[in-house]
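Keep the structure open as you go.

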Amino acid sequence: LHLAASVVRPLVPHVHTMLVSPLEVDSSMVVDITFAMGVLDYYDDWRERLVTLAARTRRCLVFTVPRRRVGGHFLRRIWLTMHGVSIVRFTSDDVSAAVAAFGGRAQLELDRDTIYCFATMSANG
């Protein structure tokens with residue numbers, strides 16, 4: 001994101017970027033675009049975290065989550081289990097229902113192990 005900002009900033013002077021976690025800062029902070037790559041995997045309350053991110057995002061929320069499928073992320077799960085870390089795995093229905101609940105429209109892309117979600121926030125926020 002820092003590199004992207006350095007490339008875009010000279011071309012579009014009104015673009016400002018912040019590399020912060022909206023989950024850990026002042027609750028009044030709202031941004032245009034939120035990227036949450038590999039963030040929700042580690043929260044049992046991922047729906048609440050997603051709603052929090054959505055509430056602080058004006059236009060677009062982009063996030064990834066591991067798919068719930070046999071064998072998906074097998075080596076990653078072994079490593080995490082050995083280190084006492086658990087991850088939540090998702091179905092596309094889980095993600096679609098959660099995005100719909102906060103009024104967003106979602107486009108989901110799936111690869112073998114990951115669900116990529118591009119959620120557009122509703123006009124109401």
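## The overall picture

How much of the accessible surface of the protein belongs to carbon and sulfur atoms? That share is 57%, out of an accessible surface of about 8000 Å² (areas come from the Shrake-Rupley method with a 1.4 Å probe, and for residues only the protein chains shown count as cover). A quick word on the ground rules: this is a predicted model, where local features need pLDDT of at least 70 and side-chain atom pairs count only at pLDDT 80 or more, while totals for chains, interfaces and linings use all residues. Residues are numbered from 1 along each chain as its sequence is written, and side-chain values use heavy atoms, with hydrogens and water left out.

The protein has four helices and four strands, and they run in the order α-β-α-β-α-α-β-β along the sequence (these are DSSP runs numbered from the N terminus: helices are H or I with at least four residues, strands are E with at least two). Of the 125 residues, 31% are buried (under 20% relative accessible area; exposed is over 50%, partly exposed is in between, with a 1.4 Å probe and protein chains only).

T57 sits in strand β2, which covers residues 57-66, and is buried at 3% relative accessible area. A polar atom of its side chain lies 2.6 Å from the backbone oxygen of L53. Beyond its neighbours within four places in sequence, T57 is in contact with V30, V31, D32, I33, T34 and M121.

F63 is in strand β2 too, and is buried, with a relative accessible area of 1%. Setting aside residues up to four places away, F63 touches a list that includes A36, M37, L40, V95 and Y116. F63 and L40 are 23 residues apart in sequence, yet their C-alpha atoms are 8.1 Å apart in space.

## An aromatic pair

There's one aromatic pair here (ring centres of Phe, Tyr or Trp, the last by its six-membered ring, within 6.5 Å; planes under 30 degrees apart are stacked, over 60 edge-to-face, the rest tilted). W46 and F90 have ring centres 4.6 Å apart and planes at 80°, so they count as edge-to-face. The two are 44 residues apart, with W46 in helix α2 (residues 46-55) and F90 in the loop between α3 and α4 (92-101). W46 is buried at 4%, and F90 is buried at 1%.

## Salt bridges

Side chains of opposite charge can pair when their charged atoms come close. The model has four salt bridges (a side-chain nitrogen of Lys or Arg within 4 Å of a carboxyl oxygen of Asp or Glu). One of them joins R47 and D94, with the closest N and O atoms 3.9 Å apart. R47 is in helix α2 and D94 in helix α4, so this pair ties together parts 47 residues apart in sequence. R47 is partly exposed at 46%, whereas D94 is buried at 17%.

D45 pairs with R49 at 3.5 Å between the closest N and O atoms. D113 and R112 meet at 3.7 Å, N to O; D113 is buried at 16%, while R112 is exposed at 57%.

Definitions and conventions:
A polar contact is a pair of N or O atoms within 3.5 Å; within protein, one must be able to donate a hydrogen and the other to accept it, and residues adjacent in sequence count only if both atoms are side-chain atoms. Contact means heavy atoms within 4.5 Å.
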